[in-house]
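Let's walk through this model together, starting with a pair of charged side chains and ending in a sheet. Please keep the 3D view open as you read.

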Amino acid sequence: MVKSKLFGIASSVAPRKPRPHRSIAIYQTRELVDDLAQDTIIISKLQNDSKKLRPVIMNEPTPLTAPPSAPAREPITCHVLDLTTGRPASSVSVSLNLLRPLGPSAPLTAVTSSDGRINHWSGEAGSSLSQIFANLAEHDDGEMLWSLKFDTGAYFGESKTFFPEVEVKFFVNAKDGHYHVPLLLGPWSYTTYRGS
């Protein structure tokens with residue numbers, strides 16, 4: 001029984017116990033996962049027809065495996081968001097050109113996915129973006145000037161936008177790894193920045 005300090009009334013509510021620290025809970029969860037991997041696992045399934053729980057015993061423990069690894073991402077990626085709808089801009093054609101030191105290069109091209117992203121580029125010349133980065137990282141200081149061109153006229157319609165094409169030029173050091181260039185796009189304005 002706890003006496004309320006505010007009203008001086010006795011209450012049957014028990015005081016709350018302090019919660020364990022998060023790192024303890026994570027440690028206990030890891031121990032539990034390890035134990036489950038070593039012991040026989042009992043899984044209860046809900047049968048749809050009778051709505052009763054029925055234990056199912058599995059003789060072999062289910063091995064814990066890492067999720068399949070995603071393909072290596074390109075050194076330069078981009079993301080386009082349509083500010084008029086507040087949603088990703090899908091099907092925007094984008095070209096990527098190396099301007100310096102060896103450029104202008106043949107363009108690498110891609111089209112934004114349903115979530116407005118470009119994670120992989122294709123080119124006619126045969127060398128990939130990763131190969132270009134690897135080659136330039138070995139020479140001089142590895143600094144490059146790149147250009148991203150977004151075909152905004154085709155996305156909005158030629159007469160429905162002030163910018164038929166948005167070009168973003170940016171410096172890259174091949175030794176720094178990954179560069180992400182988001183574009184927040186409207187028919188009358190755009191904003192860009194270096195993302196992560």
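D115 counts as partly exposed, at 35% relative accessibility, where buried means under 20% relative accessible area, exposed over 50%, and partly exposed in between (1.4 Å probe, protein chains only). Its side chain meets that of R117 in a salt bridge, at 3.6 Å from N to O; the term asks for a side-chain nitrogen of Lys or Arg within 4 Å of a carboxyl oxygen of Asp or Glu. R117 is partly exposed too, with a relative accessible area of 32%. The structure holds one salt bridge.

A word on the ground rules: this is a predicted model, in which local features need pLDDT of at least 70 and side-chain atom pairs count only at pLDDT 80 or more, while totals for chains, interfaces and linings use all residues. Residues are numbered from 1 along each chain as its sequence is written, and side-chain values use heavy atoms, leaving out hydrogens and water.

Next, have a look at the surface, where D151, E158, E165 and E167 gather in a patch of negative charge. Such a patch takes residues with over 30% relative accessible area and no salt bridge, joining like charges within 9 Å and nonpolar side chains (Val, Leu, Ile, Met, Phe, Trp, Tyr) within 5 Å. One of its members, E158, is exposed at 57% relative accessible area and lies in the loop between helix 3 (152-156) and strand 12 (166-173). Helices (H or I, at least four residues) and strands (E, at least two) are DSSP runs, numbered from the N terminus.

Pairing here requires at least two DSSP bridges between two strands.

Strand 8 (residues 108-111) is joined to strand 7 (residues 93-100) by four bridges, and S93 has V111 as its bridge partner. Two bridges link strand 8 to strand 10, with L108 opposite G123.

Terms used: Accessible areas come from the Shrake-Rupley method with a 1.4 Å probe; for residues, only the protein chains shown count as cover. Lys and Arg count as positive and Asp and Glu as negative; His and the chain ends are not counted. The place of a charge is taken as NZ of Lys, CZ of Arg, CG of Asp or CD of Glu.
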